[in-house]
Amino acid sequence: AHLPSTRGKWVHIAYQTAAVMCAVVGLVAVFYSHNVPEHTGKWAGDDADKSCHPNCVAPNLYTAHGWAGILSVTLFFFQYVSGVGTFLFPTPPALKRALRPLHAFLGAGAYIGAAVAAAMGIAEKTGFGGRRADATTFTDDSPDYNPAAHYGELKSGARVAFWLGIFIVLTVLLALLAIDRGVEEE
């Protein structure tokens, strides 16, 4: 069902405001976990990094995942501020109409960028550093021409990561379809 224009825009602003809050909390958590020695994870469990001294911190933005995330969040914040500003403050209707396609395009770009960053983060956590033993019990040294045959050998964390990646892709595709249909209706 298509919402009336003004009501739909308020719903859009409400969802985007919630997303901004989630993004801020997420960024604070990420930088905190990298910059506070007690929260870097380098001293936790049996696989702790023994070469790391007690005040060891993790570098920020040291992978493509981090940069993709920062760029996506920056684009999203720009979109949020410019969209809310254009909606709440007096703006000529012709300018609003002219900016709408760009706003939809950049919003979809920020959304796709965030999904790519999330998928890259999942890939880092499940396979960064070549730790295949963390993900599977499969140990055959011959070429693996049928990976699906070994799905049952994936550890539970790798299975969750696999399906999370699949659902991220499906969610992006459905969101893009909704954006496309929304643009067609106007």
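**Figure 1. L61 in the loop between two helices****.** L61 has a relative accessible area of 26% and is therefore partly exposed (buried is under 20% relative accessible area, exposed over 50%, and partly exposed in between, with a 1.4 Å probe and protein chains only). The structure is a predicted model, in which local features need pLDDT of at least 70 and side-chain atom pairs count only at pLDDT 80 or more, while totals for chains, interfaces and linings use all residues. Residues are numbered from 1 along each chain as its sequence is written, and side-chain values use heavy atoms, with hydrogens and water left out. L61 belongs to the loop that links α1 to α2 (64-88). Its phi is near 55 degrees, a positive value in a residue other than glycine.

Figure 2. H34 counts as buried because its relative accessibility is 18%. The H34 side chain reaches the backbone oxygen of P59 at 2.8 Å. A polar contact at 3.2 Å also joins the side chains of H34 and N60 (a pair of N or O atoms within 3.5 Å; within protein, one must be able to donate a hydrogen and the other to accept it, and residues adjacent in sequence count only if both atoms are side-chain atoms).

**Figure 3. Packing of α1 against α2****.** The two helices pack at an angle of about 145 degrees, and their axes are 10 Å apart (axes are lines fitted to C-alpha atoms over the stretch in contact, with angles from 0 to 180 degrees between N-to-C directions). The crossing of α1 with α2 is left-handed, that is, the near helix is turned anticlockwise from the far one by less than a right angle. On the α1 side the contact (heavy atoms within 4.5 Å) includes W10, I13, V20, L27 and F31. Among its α2 residues are I70, F76, F77, Y80 and L88. By class, the contact of α1 with α2 has 16 nonpolar, 3 polar and 1 charged residues (nonpolar: Ala, Val, Leu, Ile, Met, Phe, Trp, Tyr, Cys and Pro; charged: Asp, Glu, Lys and Arg; polar: the others, Gly among them).

**Figure 4. Packing of α2 against α3****.** Helix α3 (residues 93-127) packs with α2 at an angle of about 155 degrees, with the axes 8 Å apart. The two helices are therefore roughly antiparallel to each other (over 145 degrees; under 35 is roughly parallel, 65 to 115 roughly perpendicular, and the rest oblique). Their crossing is left-handed. Residues of α2 in the contact include A64, A68, G69, L75 and F78, and those of α3 include L106, G107, A110, G113 and A117. This contact divides into 11 nonpolar, 11 polar and 2 charged residues.

**Figure 5. W67 on α2, and the protein as a whole****.** W67 is located in helix α2 and, at 46% relative accessibility, counts as partly exposed. A distance of 8.2 Å separates the C-alpha atoms of W67 and A117, which lie 50 residues apart along the chain. Of its contacts between residues at least 6 apart in sequence, 56% join residues at least 24 apart.

Definitions and conventions
Helix = DSSP H or I, 4+ residues; strand = E, 2+ residues; numbered from the N terminus.
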